[in-house]
Amino acid sequence: MTTGQTPPLVELRDISVAFGGVHAVERATVTLKAGEVVGLVGGNGAGKSTLMRVLSGAHPSDSGDILIDGERVTIGNPRDAKALKIETIYQTLALADNIDAPANLFLGRELVSQSGMLDDSAMEDATRKVMGRLNPNFKRFKVPVRTLSGGQRQAVAIARAVHFNARILIMDEPTAALGPAETAQVRDLIRQLRNEGLGIFLVSHDIHDVFDLADRISVMYHGRIVDTVSKGDTSIDDVLAMIILGKPPAQASKEELEPLIG
Amino acid sequence: MASALRATEIDPRLFGMVAALVVIFLGFGAVTNGRFLSAINLLTMSVQAASVAILATGMVLIIVSRNIDLSVGSVVGIIAMTYAVLMHEVFPTTIGVDTAYGWLLALAIGLVLGALIGAIQGFIIAYIGIPSFVVTLGGLLIFRGMVWVISGGATQAPNDKQFGVMAGGPEGSLGGPLSWALGVVFCVGIVLLLLYARRQRHRFNFPVRPIWAEILIGVIGCAVTLAAVFVANSYKWPQGLVDRHLAEDPNFHVPPGGLDSGIPWPIVMLLAVTVLMTILATRRRFGRYVFAIGGNPEAAELGGINTRWTVMKTFILMGVLCAISAAITSARLNGASNDVGEGYELYVIAAAVIGGTSFAGGIGTISGAVLGAMVMYTLKYGLSFIGLESPIQDIVAGIVLIIAVGFDTLNRRRVR
C-alpha cells in the first residue's frame, strides 16, 4: 500500500481457523472498501461463512489480523463486532422465534427507560420506521416471528442490520430462502446501501447474484482464497472455473478447463 | 364474545385458567352445599399453595431457558432446616431466643444460602456445561443428604415466635385495616398501569384498546381485588385465640364484630414475588434474554447476549425463591423435619407446566404458573375436603396435568 492512499475499510489478513485438525480457513486475506460490494464465492465447505464469522465475532480466528480503517482491532464476540459497526445477516437469520419483531430487532441492544425498564413502545416505533422502508406492507409487529412468512422473517433480520447504522454489512446467503419478488427487493436494497457508502460482504452460492451485485469477487477453495478479481476483468466462466478447480484459469491446463467451458 | 375478548387483549390461556379455577371452586361448592366456599377454606388453601407457587415463578424462567431444576425440594429442605437449627440450636447459646432481630438474621442467612446454592449449580450448568437435569438431580440428593447432616437426623423445633408470622393464620395476617390498604394500593396500581400503557401507545400513535375494554379491565381488576380483601377480612379471629391474647394482655382490643383476620402474610409474600418476577420476566432486559435464549440460543449468543451469565442468574434467582418458600414452610411447621420440601420439585414443575410453560423452551408466564399452583392445590384441598385420601388427590393432580398440557398442545397445533 502506497502512502497517501486511504486504507481499506476492512482488511482480513492471513486469517486461519481450524476445527480440530481440519483447516476451515487457511491464511485467507480479503479487503473491503467503503461503498463496495465484495462477493465471496466457493463451493460447500470452502470456508466462506467461517471467514465471515470471524469478522462478525461469532467465531474467533486462530491466527491473523483484522484491520478496520487500517487499525488492528480485536473481535472476540458479537458485541465487539457491533461496537465496530459491523452487522451480520446470517443465513439462518438468527431470530428468536418466540418473541416479536421489535424484540428481535433490538435483541441485545434493547431500548430502556431511565429506570432500566424495557421501552417496548419506542422499540416498536423504531421497528415500524425501518420496516416501513424495507417492507411497507408489514403490519405484524406484536406476534412471535415464528408466525411470519419467510420473506417477512428475512426482512426482520435485514432490518436489524440496517437500523443500527452499520458501516460494514455481512450478508450470508441473503436471498437463499426468498421468492423472485423478494429477491429483487433485497438486491435493490444492497445497491441502495452500497450507494450510501456501506461496505458489504456478500456470501452466496448463486454466481449470478454475485455477478449482478459485486464490484469485486473473492473465490475460496478448501479454506484458501484462490484469487480476488474485479468484475470487469473476469467472466462467469472464469469464476466458475476457479470455484471448481481451486486455481486461477491462467494456471489451469486446457484439459481441466475444457469440460467446464464446453 | 371471541372478538370482544380479543379487543381486551387478555391472554385467552390465562382467561381459561381463571375460568377453570372458578369452575373447580363452584364444583366443590356445589358438592359440599357451599361449605367448601367458606373464607377459612379459601385462606387455608391459598396459604398451602403459596410455597409451591413462589417456587413455580422461578421455575418458569428456568424451563423457558431450556433448563430444569429438580433440586428445589431439597434446597427448600436444607434452608428450612438451617432456619430451624439457627433458631433452635445456635441462637439460644449466642444472641438469645425470640430477640427482635433473630428471625430476620435467620431469614437473611437463608436468602444468602439460597443464592449461593443457586450460584454454584448455575455456574456448573452455564459455564462448565453439565446439563441442568444432571446437576440438579445431583443437587436433589446432595442437599437432602445435607439436611440430615445438619439436623443430626432429628426434627428441629421450635422457631422464634416472630418467624411464625410467615405461617399465616390469624396471627400471621395483615388484619382488617392493612388488608384494605393493600387492596386499595393494588387497585391504584391497576389503574395507573392501564393509564401508563395507554399513554405509551398514544405517544407513538399506535392503535389502542377501545375505551370500554380499558374500563372493563380496570373495573374487573379492582372488583376482584376488593372482593378478595372482603373475603379475607370476613374471617374473624376464633374465640379461643382471642381469649389467649386477653389473658396475656388485658388491654387487647377486640371490636364488636370480631377481629378481622385479613390477608395472610404468605399471600402477601406470594403477591410481592409474583409482581417482582413478572416485572423481571417482561419488563427487564434479563427476562427478555431468558426468553430469547429459550427461543433460539444461537440467536441470543449472536445478538451479543451473555447467555451463560443469564442462565446462571436464573438459578441464583431460583435459590433465593427457595429461601422465601422455605421460610413459609418452616414457619408453618414451626421448625423443620428431615423431609421438609420432599417432592416439591414435582409439584413446582407441574404448576409451571399447567400454567402454560413449554418444555420446548421460550414460552411461559409467571401469572400462569401461580394460577397453575392454585388450580392444583384447589383440587387437592377440595378432594381432601370431600374425604378423598392423598393418593387419590395425586391421581387427580396427575390427570389434570396431562389434560392441561394436552389442551395446550392441541391448541397450538390448531393455531399453527
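Let's start where the chains meet: the contact takes 23 residues from chain B and 23 residues from chain A. Two residues are in contact if their C-beta atoms, placed from the backbone, lie within 7 Å.

A word on the source. This is a predicted model, where local features need pLDDT of at least 70, side-chain atom pairs count only at pLDDT 80 or more, and totals for chains, interfaces and linings use all residues. Residues are numbered from 1 along each chain as its sequence is written, while chains are lettered from A and ligands numbered from 1 in the order in which they are written.

Back to the contact, on the side of chain B. Which helix gives the most there? It is α11(B), with six residues. Helices here are DSSP runs of H or I, at least four residues; strands are runs of E, at least two; both are numbered from the N terminus. By type, the chain B side has nine nonpolar, seven polar and seven charged residues. Nonpolar means Ala, Val, Leu, Ile, Met, Phe, Trp, Tyr, Cys and Pro; charged means Asp, Glu, Lys and Arg; the others, Gly among them, are polar.

Now the sheet in chain A. It is open, with four strands in the order β2-β1-β4-β5, paired antiparallel. Strands pair if DSSP finds at least two bridges between them. The edge strands are β2 (22–32) and β5 (71–73), each pairing on one side only. Between β1(A), residues 10–19, and β2(A) there are seven bridges. Look at I15(A): opposite stands A28(A) in β2(A). Helix α1(A), residues 48–56, packs on this sheet and touches β1, β2 and β4 (63–68) of chain A.

Next, helix α8(A), residues 236–245. Buried here are D238(A), V239(A), A241(A) and M242(A). Buried means 20 or more other C-beta atoms within 10 Å of the residue's own; exposed means 12 or fewer; partly exposed is in between; C-beta atoms are placed from the backbone. Why do the buried residues of α8(A) line one face of the helix? Seen down the axis, they fall within an arc of 155 degrees, so they line one face. That arc is taken over the directions from the helix axis to the C-beta atoms. After α8(A) comes G246(A), with a positive phi near 75 degrees.

Last stop, chain B. L193(B) lies in helix α7(B), residues 176–203. L193(B) counts as partly exposed because it has 13 C-beta neighbours inside 10 Å. Its C-alpha atom is 9.6 Å from that of G218(B), 25 residues apart along the chain.

Conventions:
Axes fitted to C-alpha atoms, helices over the stretch in contact; angles between N-to-C directions.
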